[in-house]
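Here's a quick tour of a fold, written for someone who likes cut-offs spelled out. Have a look at the model first, then read on.

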Amino acid sequence: MTDSMIATLLVFLAGVFVYGLVSQRLQRTSLTGPMVFTALGLACGAAISSQARFDFDIEFLLWPAKLALAFVLFTDATHVRVRGLFVRLGVVSRLLAFAMPLVIVFGAATAAVLFDALTFWEAVVLAAIVAPTDAGLGQAIMHDDRVPTGVRQSLNVEAGLNDGLVIPFFTLAIGFARLDDSSHETSIIRFTLEQIGYGIGIGVLLGGIGGWLLQQASERNWVTQAYHQLTLIALCLASFVIALEIGGNEFIAPFVAGLFVKLNFEDVGQTMQDFSDAWGGLLNSLVFFTFAMVAVGELDQLTAASWVYAVISLTAVRMLAVAVSLLGAGLRPASVLFIGWFGPRGLASIVLGLLLIKKDAVIPGQEVIEGAVIATVLLSIAAHGLTTNPGIKIYSTRVTDLTDDAPEHEAAPELIDRFWDDGLDADTSSARAADRGTGNI
C-alpha cells in the first residue's frame, strides 16, 4: 500500500469512529451515513488528487465493495420465503416482478435518446446498473411510524431483493454489449450463460446442502451461538469464491445460496442480520467512501447529459415504472408517488459501476456509462437524504385517515420471514436493515 492509501484508510477509520459517536442522534435526521462517508471520500480524493496523480488501485478498492454486496445479497435472501415468492400480487411482488424490469426498459430508452455513443445493449447495461434501490439512503423512513407499515416494508423488501434480481440482467447485457466482434459471438454468449448458470448452480448446491446440514446440527444442539453465524458467513464466502474460481457470477451465487439456506434453516435470517448490523455496516460505509474517491478521478466524464440522465432516472423512469406496476393495487396516489420517489440508488449501483470501471469488463461505451452512473448515485445520495424527512411529513398528512384494511397497511408474511413481519418486529427489523447502509455499527 502506498502512503496515500494508508493515510486514506486512517481518515476513513477516524470517520467511522466520529460518526459512531453521534450515530444514534443522527438516525432521525436527514444526514445519513452514505451522505457522510461520500462527502468524506470526495474531500479525501480531492485532497490527494490536488497534490499527486490519482493512482489508486481500482482492484484493491473493488474487493471490499464486492464482499459487501455479496454479504448484503446473501443476508437479504435469507429473509425470503422462497416457497411464497409471488404467490399473491401484493405491493412487494408488483415492485419486484414488474417495476424493476420496467425501470430497466424505461432507463434504457432514456439512455438511448440522451447518449448517441451508446449501443442498445450498452444502454441496457446502464439502466440495469442504476435499477436496484438501497433502503439505507432513506433510513428515516424505516424508523418513522407515520409511514404506514406496509409502505415501509415494501420499500425495505424491494431494496433487499432487487439488487439480487438485477444481476442476471446486468450480466446478460454486458455479454451482448461485448458482441462487437462476430468471431467471438459464440464464446461470449456461452461465457455469459455460464456466469448465470454456474452462479445459480453453486448457490443451489451450497445453500441447499449447507442449510440442511446446519438445520440438522442445530436440532441436535451441536452448534454454538457464535458458530451459527460463522457457518453461514463461511457458506456465503464459499459461494462467492467458488463462483469466481469456476467462472460463475460471484453475486448470483451468494444470493441464490441465501434463498436455499432459508428453505432448510428457518432461523437463518435473524442469525445473518446480527452479522450485517455490525460488519456489514462497516463494509457498506467503506463502499460509499471508496466510491466517492473513485468519483473524484472520473469527474471529467460527468457531462451535462450525465446529470440529465441522473435526474430522469431518479424521477420519471422510477416513478412511471412504479405507477404502472401498482395499477389496480388500491393504493392512494400519494402512496404511489411516495414509493416512486423513494427508490434511492446506492450499494448495488456502486459495485456494478466499479465492476465496469475494472478493465476486464470493457465495452465501447464504458466511459459514458461510468459518468451517468456516478452522477446518478451522487445525486441520489444527496437528494434522497435531504428529502426524506420533508417527504415523510408531507406524505403522512395525506394518509392520516387510512382505514386499517387499506393496502398501505398490508404486510406480506407469505413472502418474507417473521423478522420482517408486520407490527413491532417489522419496525425493529426495518430500522436495523436500514442501518446496514448508514454505517451505524
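## Ground rules

A nonpolar core here is a set of buried Ala, Val, Leu, Ile, Met, Phe, Trp, Tyr and Cys residues joined through side-chain atoms within 4.5 Å. Buried means under 20% relative accessible area, exposed over 50%, and partly exposed in between (1.4 Å probe, protein chains only).

This is a predicted model, so local features need pLDDT of at least 70 and side-chain atom pairs count only at pLDDT 80 or more, while totals for chains, interfaces and linings use all residues. Numbering starts from 1 along each chain as its sequence is written, and side-chain values use heavy atoms, with hydrogens and water left out.

## The overall picture

The protein chain has 16 helices and zero strands; both are DSSP runs numbered from the N terminus (helices are H or I, at least four residues; strands are E, at least two). Of the 441 residues in the chain, 58% are buried.

Now for contacts, meaning heavy atoms within 4.5 Å. Among those with a separation of 6 or more, 85% are between residues 24 or more positions apart.

The largest nonpolar core has 93 residues, and Val125, Leu126, Ile129, Phe251, Tyr309 and Ile369 have the most contacts inside it. Helix 3 (residues 58-77) gives the most to this core, with ten residues. Apart from it lies another core, this one of 27 residues, including Ala140, Met142, Ala329 and Tyr395.

Helix 5 (residues 120-129) has eight of its ten residues buried, so the rest of the structure largely encloses it. The buried ones are Glu122, Ala123, Val124, Val125, Leu126, Ala127, Ala128 and Ile129. They pack against helix 4 (91-114), helix 7 (149-177), helix 12 (304-325), helix 14 (347-357) and helix 15 (366-398).

Zoom in on Leu126: leaving aside neighbours within four places in sequence, Leu126 is in contact with Ala111, Phe115, Leu118, Tyr309, Ile369, Ala372 and Val373.

Glu158 sits in helix 7 and is buried, with a relative accessible area of 2%. Not counting residues up to four places away in sequence, Glu158 touches Leu95, Leu96, Thr133 and Arg318.

Then try Pro407, in the loop between helix 15 and helix 16 (424-435). The C-alpha atoms of Pro407 and Leu331 are 6.0 Å apart, though 76 residues separate them along the chain. Beyond its neighbours within four places in sequence, Pro407 is in contact with Ala329, Gly330 and Leu331.
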